[in-house]
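The answers set values against definitions.

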Amino acid sequence: MSPSLPLEDPLVRMHRELARALNKDPDKAKWVMVIDLARCIGCHACAVACVSENKLPPGVVYRPVMEEEIGAYPNVRRRFLPRPCMQCENPPCVAVCPVTATWKNKQGVTVIDYDRCIGCRYCLTACPYGARCSDFAGFYTNATAEADGLILGRKAAAKGYEDAAAPEYGKAWPPRGHGSPIGNARKCHFCQHRLAVGQLPSCVTSCIGRATVFGDANDPASYVRECMGSPRVFRLKEEQGTQPNVYYLA
Amino acid sequence: MAYTKRSNPLLIVAGLGLLAGLYGVFEALVYRTEPTGLGSYVPWGLGVALYLLFLGLSAGGLLVNCLVYILGKKELDRIAGVVTYATLLTEVCAGIAIALDLGHWERMYRFIVSPSLTSPMFWMLIFFNAVLLVYAIKALAIVTNNQPLARLCSLVSIPVSLCFYATNGYFFSIITSHPAWSGAFTTIWFVLAALLSGGGLVTALAWFSQDESEVTLRLGRTLAVLLACFLIFEWLYFSAGYRGGRPDIAAALTAMLTGQAAWSFWLLHIGLGLFLPLALLLVGRNSPAAVAWAGLCIVAGFLAYRYAFVVAPQSVPMLPGLDKAWQDPRLTLTYTPTLGEWLLTLWVFSLGLAGFVVGPRLFPRLFSRPAWLQPLAR
Ligand code: SF4
Ligand code: SF4
């Protein structure tokens, strides 16, 4: 077997390291993500997995994958760049919130209290990465025709998705009516509810190229720390002074 | 001006506007931001522009108090009552506009129970209420003929109002992710813009509501200076923006000049709001009516300026290609206000108009010269 091939799936390693971090003092962990652009094939699986995991409505997306065409014909390539929340060390979105509805938690993740957010959207304009969305109360199934039965029609479709509780921040958010998170700012939170039960974020497990690496930056032996030391590493909009906790490998 | 028969058509217009606009209010109260044309990449639109317009109109009080108490133009104190009323009314309109723009207006109590001192929006609210309070006390002082208290309120209102208008500029100036908003320049420009639009309103009121020709002409001269300063600032803004070499700033400026709402920028803001009043102020500088019309033109053109300032910079993506990454009408860089948003705007305007028309009936003492100036009456 070629020594360049990994002996185990990186997901298995990340999972093991996640358990290790949680078994120590979980508050001492510092969650960081590294996205290897050379491995991203632009399949958008992470974006869709995230939408599905967090029961996101139309118009709300936490991890879109941006595409860029580079070069000139015939030497043309496409480049893909997934853009989750950068979980900035110095997040402009937090400082502007007038009601302290958003803050950085102990593990470095920027979180939102949906019951406190007044929906002013100041944080949306302040985020240099466009990483926040406002929930404008969209429904995927609005235009779906009604039909009898358990698998056809609007009711059945809604049951499988929109009428299911969103699990964010460890709370079962009620089916979409007019209450939160409708009217709130929403963003990627590294799947807090999954981390709490020892699961990796949904975008990490769904990445078929294993391009998304996640783990505890305070663990010197972790895969994520290894990637952070790569000479290919860079961060988006460094000049803004936000110090993102999402790194990219060029 | 007492309430006269010529007020009736205006009252009917305001009444019709209030009636038609009710639908916009209903939508905003019940469905909040859902029926708006806003999205996550253009999260601020007509509601924020409307708020900025009315908060600017409330700066007439600051302008008159500065002229009376700092520059010694005592004759302007004759319109202290109507100016105080205008400040209060326009602040109320601004407050309604911005409250109804929130995704959860019912949670506004959060400003008190979980405030954030690092947020300019929090300080904006503090100074907003401070201005409201000072002017409410001043109105009471004028009505009860308490000159020392009115004078004290006027003096206190100067720094408080300056903080308020500056905070509104600061609110935008710290948003470095939209470089066409950011920078200390915005803070100063906001104060100037507020003085100009508020000055336009009180100048119109001094003539149309008070028949004060001397005061109107004095305010007209001040308006001309403010207008000239504003033009210089606007030129600096575009010139420095284009020559600074930042493509994102240049793109935002181009969106203002040639984008979707460019017609309103050129026709309403530049034409109606700046050049027409400038011409009126120059040609008709000795005619109170011409000066008052110039003031009205400034007021009318200012919504277009606020709209362009708010919306155009948001049409530049935070990251190149972000708007193409996930297709949804809420994730685009364009914004078109919906009928509900226009109706809400109409309602707020109509409320302001109705307030000015019925003001003399409800508060006759505010619409006449303060009692302590009565002996000076011509
Ligand atoms: S990427 Fe945006 S939303 Fe996320 S922490 Fe940074 S500033 Fe806040
Ligand atoms: S939208 Fe919510 S989280 Fe964002 S600044 Fe306003 S209150 Fe805070």
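Q: Which helices of chain B each supply at least two residues of the lining of the largest cavity?
A: They are α1 (7-31), α2 (46-57) and α14 (339-362) of chain B. Helices here are DSSP runs of H or I with at least four residues, numbered from the N terminus. α14(B) gives the largest share of the lining, 4 residues. This is a predicted model, in which local features need pLDDT of at least 70, side-chain atom pairs count only at pLDDT 80 or more, and totals for chains, interfaces and linings use all residues. Residues are numbered from 1 along each chain as its sequence is written, chains are lettered from A and ligands numbered from 1 in the order in which they are written, and side-chain values use heavy atoms, with hydrogens and water left out.

Q: What makes a space a cavity?
A: On a 1 Å grid over the protein atoms alone, a cavity is a set of points where a 1.4 Å probe fits but cannot get out; lining residues have an atom within 4 Å of a point. Grid points are joined across faces, edges and corners, and the volume is the space filled by probe spheres set on the points. By this rule there are 8 cavities of 30 Å³ or more. The largest cavity holds about 170 Å³. It is lined by 18 residues, and those closest to its centre are Ala28(B), Thr36(B), Leu100(B), Glu341(B) and Leu344(B).

Q: How is the lining of the largest cavity divided by class?
A: It has 7 nonpolar, 7 polar and 4 charged residues. Ala, Val, Leu, Ile, Met, Phe, Trp, Tyr, Cys and Pro count as nonpolar, Asp, Glu, Lys and Arg as charged, and the others, Gly among them, as polar.

Q: Why is the meeting of Asp101(B) and Arg121(A) called a salt bridge?
A: The term requires a side-chain nitrogen of Lys or Arg within 4 Å of a carboxyl oxygen of Asp or Glu. The side chains of Asp101(B) and Arg121(A) meet at 2.8 Å, N to O, so the pair qualifies. The count between chain A and chain B is 1 salt bridge.

Q: How many residues of each chain take part in the contact?
A: Chain A gives 46 residues and chain B gives 44, where contact means heavy atoms within 4.5 Å.

Note on methods
1 Å grid on protein atoms, 1.4 Å probe; cavity = no way out; pocket = protein on both sides within 12 Å on 5 of 7 lines; lining within 4 Å.
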